[in-house]
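Subject: Structure for you to look at

Hello,

Here is the structure I said I would pass on. Please open it first, then read the notes below it.

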Amino acid sequence: MLRKEKPVQSESVFGKRRFDGENPERHESQSVFDSVKAFFRIAVPFWKTRESGLAWVMLVGIVALSALSIYLAKQFNDWYKGFWDYMQAYNLDGFIGMLWLFGFLATVHVCAVVYRRYIISAMEIRWRRWLTTDYIRRYTENGTFYRLQLTDQKTDNPDQRISEDLSQFVSLTVTIVISILTDLSMLVTFAIVLWGLSQAVTFPVMGYEISLPDGYLLYLAIIYAAFGTVFTFIIGRPLVLLNFRQQRYEADFRFSLVRLRENAESVAIYKGELEERKRFNSLFLDVVHNYVNLIVKTKQIGYFTLGYAQLAVIFPILISAPMYFAKIITLGSIMQINSAFGKVQDSLSTLIENFTSLAAWKAVIDRLSLFEKSIRAADSLPRIVPEKSGQELSLEHVRVTKPDGTLLIPDLGFTLPPGRSLLIKGHSGCGKSTLLRTVAGIWPYAEGRVTFPENARVLFLSQKPYMPLGTLKDAVCYPGNSNLVADDLFVSLLDDVGLSYLSGSLNVVNQWDHVLSLGEQQRISFLRAFVNKPDVVFMDEVTSALDETNEVRLYSMLGEVLPKAVVISVGHRSTLKEFHTDILDLDEKDMQVKPR
């Protein structure tokens, strides 16, 4: 759903709008501690399922290949010393031998890296498949998606959270977690190497005696990385909020374009193109201006991180050069120190190197966490869950209100045995359609008891029928399986309702809600009842777009095809009375079901 409120605007570096004053309730960004809890709540369930068995094997393989990469890095570090020492000593045989060793180590390294990436990708898609399936189930189960849009104004664009945020969550989680674990392992390995290369030493520099303690190179690496980490966090902290906003604005803009496609005919008839363009441009300006803020902040942090990384290349050489010129260490030792220092510094600088990814990761976690909370809240809302017992449809003490608490139906009860039909009438807004939603078990502002006949098949038909993507057969059979019905029956039914000209399109895939008029769609809706043969059928103004002749034809057919079904209709036309055995007028004070 599109947001209604607009963020507070101020001048950006480009003289345009920026959104630093946005209401914090809009972005729902959490504290780091809450985000960590949310991460485990989202990530852990998959790893407890049977489907995670192969993923655990893949994870072990990734760890093994990462360990191999760390071991190879240690071998490369030793290789640097030997190679440059042979170079300094003009030892050609040793030089050639080190080249052969490098070729072997490089080949193993390439294979390890390629297979690790392959296994990571395979594990990611398994994890994403499970998460997506689970979220789709939770989002669509028990009409949660419907109650979510009624009761929650914070969760924008659930489609994006399922399709994109889950994908980013998996890929960023795997990338960042493996990167951090690898860096920690690399840190331990090369901290030991660096400690061994930095034994206590005293040497003269420009007439002064310089004394360095054991492990001085490791201490310098820690200080250097700590300095960079603190300043990176200070400079880059706004990236979390900016990433969160960017995902929201991109999703809102895309959703508005989808809305135009879904309502193309209405917009075209209203000649609303100008208003739609204004809306698109306004939403896209949100995207652009937030992105400007994002790239400006990324530029600022880029200056620091790239400068920090460049200085890290020369820093270990600078601190070891005095010892080289004092002839305490060899050229090979400098190269080994440079390599080991770089590995330790890189490992300690994991926050600096991954800060942008960490900011995007936190934004994704926060969005998914809000989505999860909204799903749980919508699913936990009290609602009437229809029971199945006995042979009749009955309502007992059903009370229905609007979301704001306005009472629609104070206390309603009635019983309908098989073969009876009820027409619900009343002025617009009195709660006729809402009553059907209540009986369906999707309206969250109701209480009471609803009972369907035992083992009854129930079908709800709406005024604007839902036309699924697929063939015309799929649309006719929805929500049933079109493969279970012979084409001959479809052809016969289409002819019965005056749609014989569609019989050649049964297996054609199309956007039938755009191809067919509302009247044609309502006739398709009746065909669903004829094909699925429900025991109880609810019809919400399903003939509003039809002429009286077709209305009479369809209701007559309904009585012939489903003579024992319980039928409940909502409608305004007086012509509907003759097709129902009972009447419920919601405009009457007593709201009692009365025989026609």
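Does Phe83 count as buried or exposed, and at what relative accessibility? Phe83 counts as buried because its relative accessibility is 10%, where buried means under 20% relative accessible area, exposed means over 50%, and partly exposed is in between (1.4 Å probe, protein chains only).

Some ground rules. This is a predicted model, in which local features need pLDDT of at least 70 and side-chain atom pairs count only at pLDDT 80 or more, while totals for chains, interfaces and linings use all residues. Residues are numbered from 1 along each chain as its sequence is written, and side-chain values use heavy atoms, with hydrogens and water left out.

Aromatic rings

Rings of Phe, Tyr and Trp (its six-membered ring) pair if their centres lie within 6.5 Å; planes under 30 degrees apart count as stacked, over 60 as edge-to-face and the rest as tilted. This rule gives 25 aromatic pairs. Trp84 counts as partly exposed because its relative accessibility is 26%. Another pair, Phe526 and Phe530, is tilted, at 6.4 Å centre to centre and 50° between the planes. Both residues lie in helix α18 (residues 518–532), 4 residues apart, about one turn of the helix. Helices (H or I, at least four residues) and strands (E, at least two) are DSSP runs, numbered from the N terminus. Phe526 counts as buried at 0% relative accessibility, and Phe530 is buried with a relative accessible area of 3%.

Ring pairs also link a cluster that includes Phe39, Trp47, Trp127 and Trp361.

The nonpolar core

A nonpolar core is a set of buried Ala, Val, Leu, Ile, Met, Phe, Trp, Tyr and Cys residues joined through side-chain atoms within 4.5 Å. The largest one has 38 residues, and those with the most contacts inside it are Ile524, Phe530, Met539 and Leu558. Helix α18 gives the largest share of this core, 6 residues.

Cavity and pocket

On a 1 Å grid over the protein atoms alone, a cavity is a set of points where a 1.4 Å probe fits but cannot get out; a pocket is an open set with protein on both sides within 12 Å along at least five of seven lines, and lining residues have an atom within 4 Å of a point. Grid points are joined across faces, edges and corners, and a volume is the space filled by probe spheres set on the points.

The whole structure has 1 cavity of 30 Å³ or more. Its lining is Phe414, Ile424, Leu435, Leu436, Val439, Phe538 and Ile568, and helix α14 (residues 432–440) gives the most, with 3 residues. That lining has 7 nonpolar residues, no polar and no charged. Here Ala, Val, Leu, Ile, Met, Phe, Trp, Tyr, Cys and Pro count as nonpolar, Asp, Glu, Lys and Arg as charged, and the others, Gly among them, as polar.

The second largest pocket holds about 1100 Å³ of space. Of its 42 lining residues, the closest to its centre are Ile176, Val177, Ile180, Leu358 and Trp361. Helix α6 (158–197) is among the helices that each supply at least two lining residues, and α6 gives the largest share, 9 residues. By class, this lining has 31 nonpolar, 9 polar and 2 charged residues.

Regards
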